[in-house]
Amino acid sequence: MKSLLFSRFLLLLPWVLIVIIVLDIDSSRAPLPALSPRGGAEGGSGGARPPAPRRRTEAALPTIYAITPTYSRPVQKAELTRLANTFRQVSRLHWILVEDAAARSELVTRFVAGAGLPCTHLHVPTPRRYKRPGLPRATEQRNAGLAWLRQRHQHLPPPQPGVLFFADDDNTYSLELFQEMRTTRKVSVWPVGLVGGRRCERPVVENGKVVGWYTGWRADRPFAIDMAGFAVSLQVILSHPKAVFKRRGSQPGMQESDFLKQITTVEELEPKANNCTKVLVWHTRTEKVNLANEPKYHLDTVNIEV
């Protein structure tokens, strides 16, 4: 009798152990939270909501309009490529690229098509009489960009938040600069590196106001600043429709002053970049390329765009 009971006990023991293990596993599992109608977990503050879409946040930012004059030369595509790589990282930036040419070039047209950012491609030639050494450059191209901007916005109702700056294709820009200029109310200013024969030129700021200029050339200029050293609110551009870069009577190095005098005063300038103590843009200029070994006639069997 004892041997019969013992044999049955041994027969049932594995099944009992299996049932105990299964019950233990089920009890160790945490219950899933009940979901509210909106999909969040009930209890506490109602559960974490998904973050607001990035596009909605970006849509609230003022658009930055960058006017870039460009002209044909061996380093043109390299300069534009570096600039586009920077601009692609900036939210809500519209590039106004203006060629110094009677027609759009194939090189720049193909480049713009593959640039991967909002871009308007314009062209206007510089009259031959203004191409002499010592005369201001890119005047017609910057004015063409201003004209396009005004024409685009003239029939739109205010307010039209936006910021304009002049981005020459031979400069190097920190991404922080775009964050600084986006809050421009009227005209903002900042230092520029590697310009005027100095490590940097900058507005001199006291108590949050511009009171002078640290510059290596003609500190008596009304606005002793480089073209890369300021930004202008779109509303200011639209409210001053006659403000342009002038040819007649303008001297080399005076274009910035001639333009800014039409739209603002020194007292109204808004210092950026930690009260103009940080350099966020550099007038780097690409080294002149050495093409001494380039054949006079095209000898390569493959036509490569450089």
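Predicted model: local features only at pLDDT ≥ 70, side-chain atom pairs only at ≥ 80, totals over all residues.

Q: Where do F166 and F245 lie in the fold?
A: F166 belongs to strand β4 (residues 162-166), while F245 is in the loop between α7 (234-239) and α8 (255-260). The pair therefore ties together parts that are 79 residues apart in sequence. F166 also counts as buried, at 0% relative accessibility.

Q: What sits over the ring of F245?
A: A ring can have a charge over its face as well as another ring beside it. Here the charged end of R142 sits over the F245 ring, 5.9 Å from its centre. Likewise, the charged end of R218 sits over the ring of W217, at 5.8 Å from the centre.

Q: How many aromatic pairs are there by the ring-pair rule?
A: The rule asks for ring centres within 6.5 Å, and the count comes to eleven aromatic pairs. Take F87 and F178: their ring centres are 6.0 Å apart and their planes are at 85°, so this pair is edge-to-face. F87 lies in helix α3 (residues 76-87) and F178 in helix α6 (residues 175-181), so the pair ties together parts 91 residues apart in sequence. Both F87 and F178 are buried.

Q: Which residues do ring pairs link into a cluster?
A: Pairs can share members, so follow them from ring to ring. Doing that here links F87, W95, F111, F165, Y173 and F178 into a cluster.

Q: How does the protein look as a whole?
A: Its secondary structure comes to nine helices and twelve strands, and 40% of its 306 residues count as buried. Among contacts between residues at least 6 apart in sequence, 73% join residues at least 24 apart.

Q: What lines the largest pocket?
A: The lining of a pocket is read from the residues around its open space. The largest pocket has a volume of about 1,300 Å³ and is lined by 45 residues, of which R137, D168, D170, H283 and R285 lie nearest its centre. β1 (63-70), α5 (139-153) and α8 each supply at least two residues of that lining.

Conventions
Residues numbered from 1 in each chain as written. Heavy atoms only, no water. Phe/Tyr/Trp six-rings, centres within 6.5 Å; stacked < 30°, edge-to-face > 60°. Helix = DSSP H or I, 4+ residues; strand = E, 2+ residues; numbered from the N terminus. Buried < 20%, exposed > 50% of the residue type's maximum accessible area, 1.4 Å probe, protein only. Lys NZ or Arg CZ within 6 Å of the ring centre and 35° of its normal. Contact = heavy atoms within 4.5 Å. 1 Å grid on protein atoms, 1.4 Å probe; cavity = no way out; pocket = protein on both sides within 12 Å on 5 of 7 lines; lining within 4 Å. Points joined across faces, edges and corners; volume = space filled by probe spheres on them.
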